[in-house]
Amino acid sequence: MKSCKSFVIAFVALVLLLLASAGAVVVIVDPYFHYHKPLEGLFYELNNERSQNDGITKHFDYDAIITGTSMTENFKTSEADRIFDARFIKVPYSGASFKEINDNLKVAFTYNKKLRMVIRSLEPNFIARDKNWMRIDQGNYPTYLYDKNILNDVSYVFNREAFSVCAFIVYNSIRTGISGCTDFDRYSNWMKVFTFGKEAVFSYKGEERECFSEPEKQVPLSQKDLQNTIENITQNVTALAQENPQCTFFYFFAPYSIVFWGRLYETGTLEQQLEIERTTIELILSCGNIRLYSFNTEFDLVTNLDNYKDLSHYGEWINSLMLEYMKEGRGLLTKDNYLDYLAKEKEFYLNFDYNSLFVE
């Protein structure tokens with residue numbers, strides 16, 4: 001009986017020791033940068049936006065940041081560094097809501113007093129969402145990594161996946177002798193995975209099309225969507241800029257393809273989208289430290305389906321082009337030119353022959 005009790009105590013002690021050791025490995029290696037930036041002598045693969053971006057934002061060295069949805073994943077920070085004479089990190093969140101991106105930017109300003117420039121995409125089809133909408137359909141949020149509650153760190157410290165990542169980091173670093181982490185040019189870049197062009201755009205998710213149908217009418221903007229737009233932009237775009245006047249915010253409407261506009265046209269929601277955009281522009285132009293860009297009137301760009309892998313996602317050459325345009329001031333919207341821009345945009349997209357896209 002005594003020997004059995006001793007065995008149980010020894011077994012429990014061994015289990016606790018193993019758990020403590022595993023937890024210590026996670027804390028020391030810290031694959032998601034919850035406690036510190038990458039350790040010298042180890043190589044960290046950047047491949048988990050929701051788990052790693054918060055730590056990157058808190059602990060890396062930078063004075064400028066690129067963020068947004070998958071529309072920003074193909075930006076190259078090396079190009080942004082050169083063009084804007086800054087030191088960028090890139091922390092995109094694929095499919096993210098306005099709130100998710102804004103919450104991360106709040107973290108950036110809390111932890112980095114040197115932050116002087118932000119480049120961020122604004123998704124046209126997310127603007128009229130509820131101000132607190134979050135993309136729970138993208139998977140569970142590792143909220144234990146985001147907050148300051150040390151007690152729930154057990155979800156990270158004793159996380160089997162995190163420990164496995166640690167083991168790989170240590171093994172691969174010893175095997176290759178390489179240290180550091182994935183560069184931000186390659187982080188989240190998806191160029192090698194997809195093909196581009198008309199066939200890719202119209203076959204996206206198995207969709208087959210022969211023509212765009214004519215709408216019965218264009219639906220006006222509802223009061224609810226107008227209110228959502230005002231609240232979403234105010235809470236998740238302009239408020240942060242007003243709180244940080246020392247920083248310059250470069251925001252842009254992601255230039256979706258002509259097929260996106262064709263869908264809006266045939267569903268009768270094109271004028272509705274244009275009104276959402278007008279409201280957004282007027283709210284943002286009230287902030288002197290936001291430089292708002294739109295490339296929707298770069299018609300050669302949006303009508304060339306060789307630039308796209310689906311109705312909205314463009315190739316990395318467009319990301320590079322937008323950086324150059326932003327530096328030049330091309331596409332910059334101001335109080336003096338935005339009404340002309342809106343008129344030009346409305347005239348083009350309401351009268352474009354969308355079925356010409358099917359002509360070989």
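**View 1. Asn104, a buried residue in helix 4.** With a relative accessibility of 3%, Asn104 counts as buried (buried means under 20% relative accessible area, exposed over 50%, and partly exposed in between, with a 1.4 Å probe and protein chains only). Asn104 sits in helix 4, which covers residues 98-111; helices (H or I, at least four residues) and strands (E, at least two) are DSSP runs numbered from the N terminus. Beyond its neighbours within four places in sequence, Asn104 is in contact with Asn53, Asp54, Thr57, Ile65, Val91 and Tyr93, where contact means heavy atoms within 4.5 Å.

**About the model.** Please keep in mind that this is a predicted model: local features need pLDDT of at least 70, side-chain atom pairs count only at pLDDT 80 or more, and totals for chains, interfaces and linings use all residues. Residues are numbered from 1 along each chain as its sequence is written, and side-chain values use heavy atoms, with hydrogens and water left out.

**View 2. Thr279 in helix 11.** Which residues does Thr279 contact, leaving aside its neighbours within four places in sequence? They are Leu226, Thr229 and Ile230. Thr279 belongs to helix 11, residues 270-284, and counts as buried because its relative accessibility is 6%.

**View 3. Ile281 and the largest nonpolar core.** This core has 51 residues; a nonpolar core is a set of buried Ala, Val, Leu, Ile, Met, Phe, Trp, Tyr and Cys residues joined through side-chain atoms within 4.5 Å. Ile281 is among the residues with the most contacts inside the core, together with Ile56, Val118, Phe249 and Tyr251. Not counting residues up to four places away in sequence, Ile281 touches Phe253, Leu292, Leu333, Tyr338, Tyr341 and Leu342.

**View 4. A second, separate core.** Here you can look for a set of 45 residues that includes Ala64, Phe250, Tyr308 and Tyr314.

**View 5. Residues 10-20, where pLDDT stays under 50.** pLDDT is the predictor's confidence in each residue, from 0 to 100. For residues 10-20, the model has 2 contacts beyond four places in sequence. The protein chain averages a pLDDT of 91, and 92% of the residues score at least 70.

**View 6. The protein chain around the close-ups.** How many helices and strands make up the secondary structure of the protein chain? There are 14 helices and 7 strands. Of the 360 residues, 52% count as buried. Among contacts between residues at least 6 apart in sequence, 83% join residues at least 24 apart. Along the principal axes, the C-alpha atoms fill a box of roughly 85 × 45 × 45 Å.
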